[in-house]
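The sequence and the model come first, and the description follows.

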Amino acid sequence: TSCNTRAGASSISIGFSRCLFSPASVVSREITPATTCATMLHIYRTTVRTRRTLGGQLARVLQPATGMPLSTLQSPWPIRHCSANNVRTFDTMLKARRAEARRSVLVQVSSERSYNELYRYCSQFGEIASAHHYRVDGDSGGDGDCHYILLEYTSQDEADAAMQSGVFSTERPGVRARSIFMWFRTGPKPRLVTPTNDAVRPLALIDGSRPIEEQELNALLASAETIDDQVQVLHRVTKLNDLGKRLRFLAVRQLESSLQGMFPQAVAHPFGSSVNGYGRMGCDLDVILDLDSRSGEPPDRNARLVYHTKATNPNERTQVQRQLESIGDVLQLFLPGVNSVRRILKARVPIVKYHHEHLDLEIDLTMNNKAGVYMSELLYLFGELDHRVRPLTFAVRRWAQAVGLTNQAPGYWITNFSLTMLVMYFLQQLPAPILPSINKLIQLSAAAKVPNELVPPLGRLSDSEDAEWVCSFLKNPSIYECFRSTNKSSLEELLHQFFTFYAQFDFNQRAISLNIAGTILKPDHCPMYIVNPLETVLNVSKNVNLEETELFRIQVRNALWLLETHTKDAAQADTEQSEWGLVSLFGPRKQLERITPQMFFTKRMLNVKDIFDEVPSDDSTGRQPTSYRNPAVKSQIASIHRSTKAAIGKLQSGAGDANGGQSTAVEGTHVKLKGGNTKRR
């Protein structure tokens, strides 16, 4: 294994997609490349030898060398700092990622074996700082998988020089659009004798966009020592890695550069799980496009030349729909790699969805809705306040996905965002809170002494009268150091407490508010009510219906029972049941044991045939007889069957001679029915 470090930088950039770190060497505020490399274990899934010795390695990596339990450490993952000695806030993180994308180009190659030749060719434009390889699956009947190498130069000018050197192919006709997405064609035959001093920087990552398989994840979790270790392993091997973030900011750069020719102040703001620290491998990219990012700045009064502009539609929603429709056409017709553009303009928030084939990425584009950016910054802040927030959120999300609480398609079920809000509220309700209320953060930000030049002016989400929530405290760098929790609970204890808390929560009467870290009476009759922290008149979980709310209650109780009964000691004692901890919550068997709301709610429409038709107990229909674990239930079902048969017998005897072709009068009426259908009717 190898790692990619930069000398003199205050942060270490690690180029592995799924690697585990020993917290013993990172407890201090400063990290050196030597200690990081010495304590880093990279689980390379294509190596059989690593898989065989996985159990012992997990125990050694996750247990600190000091012998202290992991939950007692103040911050195993310290907050990274930027070069200006300020805490790495959400804005500085975005700025660093944007600069990283400006220094990068993406080249399609035949395979990772083309890297040496590509490196020597591209080195003539500048020094290559890092290189990452990934693969996109091809169609079954196509040309096979597509391989890509992401090259990062040390400066933006070097990356621009490499991009400017590209040419257009005469063999592949199409719209000639210059971009950072290129392919490496075959060149002249290499010389027989190559210079020995031509050193090639090794690839930092090979096949880095590949998410971990379900079977391999369960094997990793089963090899852990405790549930606390399982939660940390789950977080580290499924979270969005460095390459995934690089690719997403390349998509943002392509979108901005394609529109800045006509709109010089156009800015694309990524938001959601791709940037808030809660994204997993393969997650979608959400982008908000602002065509005039400097519209609020006062113009220069000394300038006498003024641009002509186009009059806009007085209806803002109609204006956004028309603009998104035109932008969707530009994406579909001119941008390389963009396909499958879908325009969903009639939704509450109009969006354009498209797929980027070179990045293997689904992208959702909207306009003029900065609430998502502020919410991402708030969740990023929560994740930086305590190192247990993100691993616990990952475990809850994975559990909800396994038991069928969440779904990728929109509907009446709980979303990942609502689940994240539930986790944040739970961490606020502990006897020793791990997270403060939002109102408390505002007070801490106001009390902190920060130079005036570091605090931006107050800003609002929109110009509406009810959007008066000011987000300036999120821009205060000192807020990242203002709160430290005294809670020492482990992740295992927090997971138990999470399920216990919501198994007893009153969703019928109370609404959840992260602003006050408490509950209020529900303003309406929504089954689940979570107050939007930014726009308090909205309900985050308004889409969740009563059935899904009851299903959530059932599942949290079931998860609590599984954690209490499926312990590691019980799994070792029972040879037939090897699942324990998180594996019992969302292992391979959970997909077959998924509970659905139809098990607890009666359908509105019921077929009479389903009530009275008998199911043969033999194998003639391929259906097996029903088995009952509870004898009382079995006797009740048998009693219902006997009474139903008796009622049917009376009806048949009353029908009498109705089986022939003659007409029969129904008792008590003068209505006559044809004989063939009398019995069924």
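Two strands count as paired if DSSP finds at least two bridges between them. The model is predicted. In this model, four strands form an open sheet with mixed pairing, in the order S4-S5-S3-S6. Strand S4 (128-136) and strand S6 (181-183) stand at the edges with a single partner strand each, so one side of each is left without a neighbour in the sheet. On average, neighbouring strands of this sheet are turned by 25 degrees against each other, direction ignored.

One of the pairings is that of strand S3 (residues 104-109) with S6: the two run parallel and are joined by three bridges. Here valine 107 stands opposite methionine 182 in S6.

Two helices lie across strands of the sheet, as the table sets out.

| Helix | Residues | Lies across | Angle to S5 |
|---|---|---|---|
| H5 | residues 115-122 | S3, S4 and S5 (146-153) | about 35 degrees |
| H6 | residues 156-164 | S3, S5 and S6 | about 140 degrees |

Another part of the chain holds a contact between two helices, H15 (residues 491-503) and H16 (residues 546-565). They pack at an angle of about 140 degrees, and their axes are 9 Å apart. The crossing of H15 and H16 is left-handed.

Which residues of H15 meet H16? They are Leu495, His496, Phe499, Thr500, Tyr502 and Ala503.

Definitions and conventions
Residues numbered from 1 in each chain as written. Predicted model: local features only at pLDDT ≥ 70, side-chain atom pairs only at ≥ 80, totals over all residues. Heavy atoms only, no water. Axes fitted to C-alpha atoms, helices over the stretch in contact; angles between N-to-C directions. Contact = heavy atoms within 4.5 Å. Left-handed = near helix turned anticlockwise from the far one by under 90°.
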